[in-house]
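Here's a pair of exercises to work through with the model open. Try each task before you read its solution.

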Amino acid sequence: MTDDRLNSQSVLRVEDLTIRLNSGAGTVHAVEAVSFALARGQTLGVVGESGSGKSVMARSLMGLLPRRAMAYKAGKVVFQADPAPAQDLMQMPEKQLRHLRGPAMAMIFQDPMTALNPVLRLSVQLTESLRQHLGMDRQQARRRAIDLLAAVGIPDAGRRIDQFPHQLSGGMRQRVVIAIALACNPSLLIADEPTTALDVTVQKQILDLLARLQREHQMAMILITHDLGVVASRADHIAVMYAGRIVEHAPAKTLFSAMKHPYTEALFNSIPRINDPSHTRLQAIPGRPPQLVEPASGCAFAPRCQYAQARCLEQTPPIVTVPGTNDHKHACFFPVSAAPGQESVDD
Amino acid sequence: MTDQIPCHLRERDDIVLRILQLSVNFPVGKQTVQAVTNVSFDVARGETLGLVGESGCGKSTVGRAIMQLPAPSAGHVFFNGQDMTDLAGEALRQTRTGLQMIFQDPISSLNPRRRVRDIVAEGLTIWGRENADTRVEEVMAAVGLDAASAGDRRPHQFSGGQCQRICIARSLALDPDVLICDEPVSALDVSVQAQILNLLEDMKARYHLTMVFIAHNLAVVKNISDRVAVMYLGKLCEIGNTGSLYARPAHPYTRALLASIPDADPLAREQASIDGEPLLQGELPSPADPPSGCRFRTRCPYAQARCAEEIPQMQLVADDHYVACHFPILEPQAVR
Amino acid sequence: MLNKLADNGVVRSRAQGFSAAARQVFGRGFGPGFWIAAGWLLLVALCAAFADWLPVRDPLDPVIANRLNGPLTTNILGADGLGRDILARLVHGSRVSVVIALTAVSIGMVVGGTLGILAGYFRGHFERGLMAVLDVILAFPWLVLLLALVAFIGQSLMAISVAIGFLWIPAYARVARANTLSVVQREYVLAARAMGASTLRILLREVLPNVILPVLAYGLVAMGLVIIVESALAFLGLSVEAPQPTWGGMISEGKRHLATAVHVALVPSVTMFLTVLSLNYVGDRLRSRFDVRESNL
């Protein structure tokens, strides 16, 4: 996808999104000055550990954060579903936002066990949004729901549709969750750790399914995960989050061949690789992810960073574009120069 | 021992742990779930055996059955030549101290109402060992915790990674021979996982441990194991040294597992097939009513009539590499 | 999330000392309502403990001239049908309520709690048998059972406490069993067994400390109910025998004067209402605090 198309056809454009939440111990700086754009048919992989703010960001895009938990919010979330004009979701009243969720943007959560209502038949859960948003009658909606189940690879959909969630396996449930999310053909799909609760063979099936559906519907997708492997071969762009900020953002291949941020590099090197021989010493990142309650100044990764210098502890590095590229950005004063993916990992 | 001894058990003097025809059944309602059926393997001194499989394959149940927590329904667990299934009461309590376990959820593994020092010292206190304080300080230092500052705090004041360090310190206090790790890094942050894996390797060298490492993450298992055993639906389907098993998986299930792993390095497998041949079909059958013959046959792309009739036995396919399959994949086509 | 926040609290407690440490134990405070309720309970407890030394009149001394006088006249809270001082009777009556509440709840807690922990830990036939017996007790109309017990063991303060305490055994056994079932599944119990800990040691070191807090918090709510049960007995004339003042007995006596002097029944009623409300409120807040901590551990 070329860059002009990216600019002209952005389904979602996030500018300086900042979210702070109230908690028992103080204000949590969950998302700080996050910006990115996402075009039709593209996948953005968001990678981060727990507490990196990736889930809070996803929920805030959908307007799903409880209002009373919000201490402060700023920035723009400009959403453009095809015929409609661009609109800023941050300014939109809840009532209007509700009409977008479902037909325009949808979300898949981590746990398929809790994402479905255990006391309702699949038919009810699948047809709900079809009837509400698309105004279908009962028969139409049911037919479409069966088609949807078949499309997400559920065998014998005509019988399955009258079952309850507990009669399905975890992988099947996640397929149903995807079918519900896609029922109204949204332009944007946010998948928050969609395969974390699933086994590795099921994970592959679900990721393949998402890739296929995305191709067919030309959806924009945000794929959130803690696993670099999940996004590595499935995302067009990857954003690495740490302590509420995007620390590096690049096209997938560029990221792996020329990572700039020490955290990206450290994360990549700390993962055991299937191609390495046994007992390969892992390069562990010392320390642990920082607290987001009233964070100190400076780069959040500095205390764990092997390249950190005095400046890193004082100033917060701004996000800058790598010279010679237009889509590789990072937030580091002393970016990594070598391509660590090519290095040997021997001690 | 009238049972037939499977061919993949080794005749060696340094076998610390030998599991023979282990079966565990659980009553669930009126049905009986066969969580583990006729699983055999052995672990030599200083070796790490990785036990992999997906959820519900019985790998954790094997780990607990080794500890006799609870005791298996059938089969034998030989620890240093002593059959633990013959022991009961005081003798079992004594012998069990030679095997220790760490668990997936480090936070629920630690009693929230007790101080860290007491938790680590628990085993020493139970057995009235002398110099308990010195030992506690030593193992806490070994896992990277300062006994003076951390000892008087309670578990909820630590992060998940630190809690796992406390669990490791506790398991080492009694100086066990065997450490059984049940998914020890799955609940941890990615950046903390490597710390714990490295720590386990260090502790293994320092305290001369033999390990059984149970996990679902094949890359993690490969990193830490000398040998790997793959389980599916309560049975062992393949066992062998790590290099051979990962390079030339002979069981169709192992192949499917390996092909499913998303690799963090897209440059390393540029040609990886996203929509390749189907490696698995259908759904996991209920362990209450497992398929006849080979348990994997309902999902196997190569299944034939014989697979439904005859239970496949372990057979040698390469040096120290055994597979329980009637039609193992033997051509040298590496999946990765 | 909370777990991490607690983590953070510790890092600071070194610098900020007690206040941060206290906040860590009690969270962000309970709010003024909690402290008002707790204050009232403290007042009731002090009255019960020091009734004989407090500067109140003799609760048993009938001053005919003061008969049915309203509050803030000759007597601060008025006088009853025999001219006895209501404030003095409330103060001395609190002793009965407090003693019965404490004794009955303790009996229920110790006996029921022990049975519940054992049932939850050992399961099997013992659990099934115990639960069957408890279900039978629970299914029995409690007032009838209580009347039978009181008729059997007498009307002394101790006898009534024991009788009410007996009624609480099933409820406590259930609370303790449910909590034990969840604690036993935790890996630290498994780890203790792996280290060779004896059953008794596991029960005392691993299970009991984790079961006792929710059970204690439930105790406050139970005390409120015990006070009401005692007053119901008193209303039927089956509680501690006259002339010993009790709140229930005072309400019962005030019933006759409702048309002419409403305060005789109203003052003890309001006192009891406030006490039970405070017990429920404090108990509920404490329990929710423990529950939150439990779920995050």
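**Exercise 1.** Find the helix that holds Met272(C), then decide: is Met272(C) buried or exposed?

*Solution.* Start with the place: Met272(C) sits in helix α11 of chain C, residues 263-295 (helices are DSSP runs of H or I, at least four residues, and strands runs of E, at least two, numbered from the N terminus). Next, the accessibility: Met272(C) counts as buried because its relative accessibility is 12% (buried is under 20%, exposed over 50%, partly exposed in between, with a 1.4 Å probe and protein chains only). Now look around it: leaving out residues up to four places away in sequence, Met272(C) touches Ile227(C), Ser231(C), Trp247(C) and Ile251(C) (contact means heavy atoms within 4.5 Å).

A quick word on ground rules: this is a predicted model, where local features need pLDDT of at least 70 and side-chain atom pairs 80 or more, while totals for chains, interfaces and linings use all residues. Residues count from 1 along each chain as written, chains are lettered from A and ligands numbered from 1 in written order, and side-chain values use heavy atoms, without hydrogens or water.

**Exercise 2.** Describe how chain B meets chain C.

*Solution.* First the head count: 30 residues of chain B contact 28 of chain C. Then look for salt bridges (a Lys or Arg side-chain nitrogen within 4 Å of an Asp or Glu carboxyl oxygen): the rule finds three across this interface. Glu122(B) pairs with Arg201(C), with the closest N and O atoms 2.9 Å apart. Finally, check which elements chain B brings: α2 (89-96), β6 (99-102) and α3 (116-126) each give two or more residues to the side touching chain C. The largest share, four residues, is from α3(B).
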